[in-house]
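Thank you for making time for this. I would like to walk you through one chain, going from single residues out to the overall picture.

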Amino acid sequence: MSKSIEARLDAIESRFAIDALIANYAEAFDTMNEELLATLWHPDSRLYLGANGNSEGLEAILAQARVNMKRMPHMHHWMANALITLDGDNGHGLVAADCLFYDVEKGPLQVSGQYRDIYQRRDGRWAFLERTFEMHFATPLQNWKPISGTERFGLPD
């Protein structure tokens, strides 16, 4: 093992920080938590969601998130199979996503795809520098309606 214990520990801590970043992205959208979402980016970050909006800069990301949260008042993101590579204060990742949305115009949808991420650590804090979603498919879930649980899909109250 040619790397020092400090370098190995830094790599482990960085990986945990990036895993938390990915999970908090899903949590922020799923709970409509704009404050949490704001902590995941650098001021000059970019979020490219294709048909759901492309944003450059933190304020633009948050503005587009508000639009998406209004249009899809119920979101559930499942992130999986994170392939992350690190090089000092920079990292790249591929993260699979399976999502369930209630779109006020289209109804329930299942969306699957992959995020291509660029992470960067500044002043000791890891954040997304760029996140690009590549959609594999979006499928309407006709006649799909939860029969129990804490959420009621449909138009917000």
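Let me start with a question: does Ala127 count as buried or exposed? Ala127 counts as buried, because its relative accessibility is 0%, where buried means under 20% relative accessible area, exposed over 50%, and partly exposed in between, with a 1.4 Å probe and protein chains only.

Before I go further, a word on what you are looking at. This is a predicted model, in which local features need pLDDT of at least 70 and side-chain atom pairs count only at pLDDT 80 or more, while totals for chains, interfaces and linings use all residues. Residues are numbered from 1 along each chain as its sequence is written, and side-chain values use heavy atoms, with hydrogens and water left out.

Ala127 lies in strand S6; helices (H or I, at least four residues) and strands (E, at least two) are DSSP runs, numbered from the N terminus. Leaving out residues up to four places away in sequence, Ala127 touches Leu21, Leu40, Trp41, His42, Ile118, Tyr119 and Gln120, a contact being heavy atoms within 4.5 Å.

Now compare Thr85, which lies in strand S3 and counts as exposed, because its relative accessibility is 52%. Beyond its neighbours within four places in sequence, Thr85 is in contact with Asn90, Gly91 and His92. Its C-alpha atom is separated by 39 Å from that of Pro146, which is 61 residues away along the chain.

Strand S3, residues 74–87, also holds Asn81, a residue that is not a glycine and yet has a positive phi of about 55 degrees; Asn81 is exposed, with a relative accessible area of 61%. In the loop between S5 and S6 sits Asp123, whose phi is also positive, near 50 degrees, and which counts as exposed at 86% relative accessibility.

Turning to the helices, H1 covers residues 5–30 and reaches 38 Å from its first C-alpha to its last, close to the 38 Å expected at 1.5 Å a residue, where the expected span is 1.5 Å times one less than the number of residues. Its buried residues are Ser14, Ile18, Leu21, Ile22, Tyr25, Ala26, Ala28 and Phe29, and Leu21 is among the residues that Ala127 touches.

What about empty space? Rolling a probe the size of a water molecule over the atoms shows where such space is left. The largest pocket holds about 160 Å³. A pocket here is an open set of points on a 1 Å grid over the protein atoms alone, where a 1.4 Å probe fits, with protein on both sides within 12 Å along at least five of seven lines, and lining residues have an atom within 4 Å of a point; the volume is the space filled by probe spheres set on the points, which are joined across faces, edges and corners. Its lining includes Arg71, Phe101, Asp103, Lys106 and Met135, and the elements giving two or more residues to this lining are strands S4 (90–103), S5 (107–122) and S6 (125–140).

Finally, the whole chain: its secondary structure comes to 3 helices and 6 strands, running α-α-β-β-α-β-β-β-β from the N terminus on. Buried residues make up 40% of the 157 residues, and the C-alpha atoms fill a box of roughly 60 × 30 × 25 Å along the principal axes.
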